[in-house]
Amino acid sequence: MQQAVPLEKHDLEAAFRSLAEVSHQLDASYRDLESRVARLNEELAASRSARLDELAEKERLLERLASLMAMLPGGVLLIDERQQVRDANPEAVALFGEPLLGEDWPAVQARIREREPERHLSLHSRHLAQQGETLVLVTDTTELHDLQAQVGREQRLSALGEMAARLAHQIRTPLSSTTLYLAQLRRPDLAVAQRERICDRLAERLVHMEGLIESMLGFVRGAPPRTELICLQDVLGDFQAHVQARLQAAGATLSVTPVDRTLALRGDRDALAGALANLVVNAIEAGGAAVHVDVWAGALNRERMLLRVRDNGPGVAQELRERIFDPFFTTRSTGTGLGLAVVARTVNELGGEIRLGDSPQGGAEFILEFPVAEGEG
Ligand SMILES: Nc1ncnc2c1ncn2[C@@H]1O[C@H](COP(=O)(O)OP(=O)(O)OP(=O)(O)O)[C@@H](O)[C@H]1O
Ligand SMILES: [Mg+2]
């Protein structure tokens, strides 16, 4: 058995010192723990408030989404994997009517088609793969359809208006010729042979007018434009017959240089003759009694041909050159300003171009350029 050794004073002091040290250490650890707890608490509070903020933000987003859905001009539907309507915004309810929620989606669509066959709905859908649902956006395009139909009607009407103006203009020259021939027929001193010749011309003009009306009606019926092979020399013959009475009545003269009969183009023979007649009538109207019109035609090369209508009238003033082909541009009190617009349209339909040239003798000069008919010339 060991005997207890009595503690010396310095031993006690050492024991107290180490005790104090331990308690100091404990104290420091406690304070450290305390500050860590405080820090953790702070972090916890911060993360709780962040989550609360996040939640509030989500709620705000949801609210915004809900008001957006309510305000959308189109209908929005959510269709579940069993093809039933799970959700719908007010516009969708207004479009499809009730009951809607829980209804079979194909049946809902059939229902609207049956009830309002004249209604046009446009549907866009997107499959949401994760949820197995489909989001459908529906827009009512009935008004758009009606508007499109109205625009179509108006376009047809304006085409009809343009055509009516064109027809009226094309008919004016042969019509004025018939009036002039009729006046001649009234003359009591007319020999039988003369009377017969005038009657023939009168009949020709009437047939020509009938042809013009027929081709316009063909256009309305949607008949394809005429693309017959036209011998240029024939057109020159036709057009001289159109303007003969007008030239005579005005005391004006016309010279036409004959062209090679092989020179041909494709298109509407009557329309081209009418266009040339329009140019001559313009020359008579601008130049008066003493006016002389000269028509020359010829091939430029194997592909292009040229037609030149030149007069010795006052010509077109420099400042008007740009505008004379515009519809309704006229310098005459009795003019409609449609003549040259109609001529330009006809020339374009024949694949050609028209421009105002520079006549060396003054007067007006119109140059018409056309493609030579393929395989000809
Ligand atoms: N040969 C010409 N000489 C001088 N000016 C011309 C000649 N041809 C046309 N013009 C000018 O171009 C304008 C437009 O001609 P356009 O044939 O389009 O209409 P308009 O002859 O005035 O009217 P409408 O043809 O309806 O009788 C004429 O008003 C005239 O100023
Ligand atoms: Mg004219």
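Helix axes are lines fitted to C-alpha atoms over the stretch in contact, and the angle between two of them runs from 0 to 180 degrees between N-to-C directions. In this predicted model, the axes of α4 and helix α8 (residues 339-349) come within 10 Å and cross at roughly 100°. Because angles of 65 to 115 degrees count as roughly perpendicular, α4 is classed as roughly perpendicular to α8. On the α4 side, the contact is made by Glu 162, Arg 166, His 169 and Gln 170. The α8 side contributes Gly 339, Val 342, Arg 345, Thr 346 and Glu 349. By class, this contact has four charged residues, four polar residues and one nonpolar residue.

The structure holds one cavity of 30 Å³ or more. The volume of the largest cavity is about 40 Å³. Its lining consists of Gln 170, Thr 173, Pro 174, His 208, His 242, Gly 274, Ala 277 and Asn 278. At least two of the lining residues come from α4 (142-185), and at least two from α7 (269-287). Six residues of the lining are polar and two are nonpolar, with no charged residue present. Gln 170 of α4 takes part in the contact with α8 and also lines the largest cavity.

For the chain as a whole, eight helices and 11 strands are assigned. The radius of gyration is 47 Å, well over the 21 Å that the globule rule gives for 377 residues, so the chain is more spread out than a compact globule. Along its principal axes, the C-alpha trace spans about 180 × 60 × 45 Å.

Technical notes
Residues are numbered from 1 along each chain as its sequence is written. Chains are lettered from A and ligands numbered from 1 in the order in which they are written. This is a predicted model: local features need pLDDT of at least 70, side-chain atom pairs count only at pLDDT 80 or more; totals for chains, interfaces and linings use all residues. Side-chain values use heavy atoms; hydrogens and water are left out. On a 1 Å grid over the protein atoms alone, a cavity is a set of points where a 1.4 Å probe fits but cannot get out, and a pocket is an open set with protein on both sides within 12 Å along at least five of seven lines; lining residues have an atom within 4 Å of a point. Grid points are joined across faces, edges and corners, and a volume is the space filled by probe spheres set on the points. Helices (H or I, at least four residues) and strands (E, at least two) are DSSP runs, numbered from the N terminus. Ala, Val, Leu, Ile, Met, Phe, Trp, Tyr, Cys and Pro count as nonpolar, Asp, Glu, Lys and Arg as charged, and the others, Gly among them, as polar. Angles under 35 degrees count as roughly parallel, over 145 as roughly antiparallel, 65 to 115 as roughly perpendicular and the rest as oblique. Contact means heavy atoms within 4.5 Å. The radius of gyration is taken over C-alpha atoms; the globule rule is 2.2 Å times the number of residues to the power 0.38.
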